[in-house]
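Dear colleague,

I am passing on the structure we spoke about, and below it you will find my notes on what turned up when I went through it. Please read them with the sequence and the structure open beside you.

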Amino acid sequence: MKTFLQPLSAREERECLKRYKEGDQEAREILINRNMRLVAHVIKKYQSPDYEMEDLLSVGTIGLIKAVNTFDPNKGSRLATYAAKCVENEILMLFRAGKKFSREVSIYDPIGTDKDGETVSLLDILEAEGKEALEQVILKQDIRMLYEAYEQNLKDTEKTVIRMRYGLFGSREHTQREIADEMGISRSYVSRIEKRAIEKLKAGFL
């Protein structure tokens, strides 16, 4: 799957939403393009032999577009929170229509009721706790994907350099010179290994 642009900051998002509400269609395109990473994250847990990832991405993008078109910033939540639910709803509708949906744990699944008898989901709990909890969930997914790419895409020497260079698995960060001394190779060779490994991680991240 292709690599997507980084999400907007909270300030950038507010500015784009304001411009879009004033009729700026370019701002709308920015909101869509800069939230495609979110679509990719949501659809990953619905991988199925019955559907190509590109098909799921297309359907998820429809949900994102609906979210951008209908999002109300005055309700106090970030666009990502609202868009994630819209994307997931589109995917679930696709699966239900094809009668191929196998239920999975979702942050939108009901986990109980509140004192008024209203259904409460995990997302409701996360939002109540604040601190942009959905973004924290996505960050944890990014970290998991990074470690998976590390294990699957790198050779042993590349793993060693990356682990030492960036302090993975609880180790401390090392300079290229320290790594070179410990491995008995030149610093320039360490630099080349690091650069090659990072390119592999980028390619395998999404």
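Arginine 34 counts as partly exposed, because its relative accessibility is 23%. Please bear in mind throughout that this is a predicted model. The partner of arginine 34 in a salt bridge is glutamate 12, with 3.9 Å between the closest N and O atoms. Glutamate 12 sits in helix α1 (residues 10–21), while arginine 34 belongs to the loop between α2 (25–33) and α3 (36–44), so the pair ties together parts that are 22 residues apart in sequence. Glutamate 12 is likewise partly exposed, because its relative accessibility comes to 27%.

To set this in context, the chain contains 10 helices and two strands, and along the sequence these elements follow the pattern α-α-α-α-α-β-β-α-α-α-α-α. Of the 206 residues in the chain, 38% are buried. Among contacts in the chain with a separation of 6 or more, 55% are between residues 24 or more positions apart.

Salt bridges

A search of the whole structure gives 12 salt bridges, and a few of them deserve a description here. Arginine 165 and glutamate 194 meet through their side chains in a salt bridge, at 3.0 Å from N to O. This pair links distant parts of the chain, since arginine 165 is in helix α8 (residues 156–166) and glutamate 194 is in helix α10 (residues 187–205), 29 residues apart. Which of the burial classes does glutamate 194 fall into? With a relative accessibility of 7%, glutamate 194 counts as buried, whereas arginine 165, at 24%, counts as partly exposed; the cut-off that matters for this pair is that buried means under 20% relative accessible area.

A further salt bridge joins the side chains of arginine 172 and glutamate 178, at 3.5 Å from N to O. Glutamate 178 is partly exposed, with 31% relative accessible area. There is also a network, in which salt bridges with shared partners join Glu158, Arg196 and Lys200.

Helix contacts

The axes of α1 and α2 come within 7 Å and cross at roughly 140°, an angle that makes α1 oblique to α2. The crossing of these two helices, α1 and α2, is left-handed. On the α1 side the contact is made by Glu13, Cys16, Leu17, Arg19 and Tyr20, and on the α2 side by Gln25, Glu26, Ala27, Arg28, Ile30 and Leu31. Sorted by class, the residues of this contact between α1 and α2 are six nonpolar, one polar and four charged.

Towards the other part of the chain described here, the axes of α8 and helix α9 (residues 176–183) come within 10 Å and cross at roughly 135°, and α8 and α9 are therefore oblique to each other. The crossing of α8 and α9 is right-handed. From α8 the contact involves Thr157, Thr160, Val161, Met164 and Arg165, and from α9 it involves Gln176, Ile179, Glu182 and Met183. The contact of α8 with α9 has four nonpolar, three polar and two charged residues.

Two single residues

The loop between α8 and α9 holds phenylalanine 169. Phenylalanine 169 counts as partly exposed, because its relative accessibility is 46%.

The other residue is glutamate 90, which lies in helix α5 (residues 79–98). Glutamate 90 counts as buried, because its relative accessibility is 11%, and a residue is called buried under 20%. Leaving aside residues up to four places away in sequence, glutamate 90 touches Val59, Ile62, Gly63 and Lys66.

Methods
Residues are numbered from 1 along each chain as its sequence is written. This is a predicted model: local features need pLDDT of at least 70, side-chain atom pairs count only at pLDDT 80 or more; totals for chains, interfaces and linings use all residues. Side-chain values use heavy atoms; hydrogens and water are left out. Helices (H or I, at least four residues) and strands (E, at least two) are DSSP runs, numbered from the N terminus. Buried means under 20% relative accessible area, exposed over 50%, partly exposed in between (1.4 Å probe, protein chains only). Contact means heavy atoms within 4.5 Å. A salt bridge is a side-chain nitrogen of Lys or Arg within 4 Å of a carboxyl oxygen of Asp or Glu. Axes are lines fitted to C-alpha atoms, for helices over the stretch in contact, and angles run from 0 to 180 degrees between N-to-C directions. Angles under 35 degrees count as roughly parallel, over 145 as roughly antiparallel, 65 to 115 as roughly perpendicular and the rest as oblique. A crossing is left-handed if the near helix is turned anticlockwise from the far one by less than a right angle, and right-handed if clockwise. Ala, Val, Leu, Ile, Met, Phe, Trp, Tyr, Cys and Pro count as nonpolar, Asp, Glu, Lys and Arg as charged, and the others, Gly among them, as polar.
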